[in-house]
Amino acid sequence: MKVSTTLTPGDQLPALLERIERREQSARIRSVLYLILPVALTVVLLGYTASSVRNAQKEVDALKADASTYTTRMDTLKKDTETYKSQSQSLQGNAENYKNQVTDLQAQLAEAQKALSEGVSLSRAVRQIDFGNAKELTARIPGSETVLPDLLDLRQRRVKWKTGGQSPQEGFDSPSFAMYLLKQKRAQGIELKPGESLSDASRTLYDKLPPTTQPKTGDLVFYPAGYAMFYFADPQGAFVLGMTPLGITALKSDFAKPVGYRQVQWR
């Protein structure tokens, strides 16, 4: 005999309500989960973002500090570069000055060596003359009193030899010394052009004066080395007096072969 398992509607209702309640509970749980998960994800993302922002800010701050340090270093390097540039320019200027000084010293040394060599050669032809025998000479040779005492006076003042010199304080070379004395004594035909220096005028001294083949007292004798010497003669023979590397010196007139003689007309 079979037992009927069919439930009546009254018996099925509690089971149905229980199933509905379970489904509603499950739906509420899912709803809560659907609400919580986005919030949780948002919180996580916000936390991660905030952490990333903080780390990024730290990196930015570190980069700013590094940039400030590099900027300071760059400014220091720029200042050092300017300093080194100025020092380099100064050193270049000093080197150029030293180079010029060395060149000048070499020229002066060459001139001194030349003057020394010429002085040694000229010393063999030196004639002794002083104020004592100058008085006797001027008494015997008319005209010598015009220039000879001035020559001896300048010699006593120890006027020195200097190439291109233009004054007793500075010194003279041989032509500029002759030009100076002629100008001081106002010899005829001796005048400086406007703006012309004594040294420049002395280069054309040979052409300024008339030639002569028979020199007299006070005339000029020109020699190959550029000497321009005043001519004199006494019983001992002819001699010349003028500026040399030895200073104002009297020399035998034949110490070198003359280039030519020029007549001086003293006033």
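Colleague: Where is Leu13 found?

Modeller: This is a predicted model. In it, Leu13 is found in helix H1, which covers residues 9–122.

Colleague: Is Leu13 buried, partly exposed or exposed?

Modeller: Start with the cut-offs. Buried means under 20% relative accessible area, exposed means over 50%, and partly exposed lies in between. Leu13 has a relative accessible area of 48%, so Leu13 is partly exposed.

Colleague: Now the strands. How do the side chains of a regular strand alternate?

Modeller: They alternate between the two faces of the sheet. Now take strand S3, residues 228–234. Five of its seven residues are buried, so S3 is largely enclosed by the rest of the structure.

Colleague: How many bridges join S2 to S3?

Modeller: Three, and the two strands run antiparallel. S2 spans residues 220–222. Look at one pair: Leu220 stands opposite Phe230 in S3.

Colleague: What lies between S2 and S3?

Modeller: Five residues, and the two strands form a hairpin. Check Gly226 in the turn: its phi is positive, about 95°.

Colleague: How many bridges join S3 to S4?

Modeller: Five. S4 covers residues 237–244, and S3 and S4 run antiparallel. Here Phe232 stands opposite Phe239 in S4.

Methods
Residues numbered from 1 in each chain as written. Predicted model: local features only at pLDDT ≥ 70, side-chain atom pairs only at ≥ 80, totals over all residues. Heavy atoms only, no water. Helix = DSSP H or I, 4+ residues; strand = E, 2+ residues; numbered from the N terminus. Buried < 20%, exposed > 50% of the residue type's maximum accessible area, 1.4 Å probe, protein only. Pairing = 2+ DSSP bridges.
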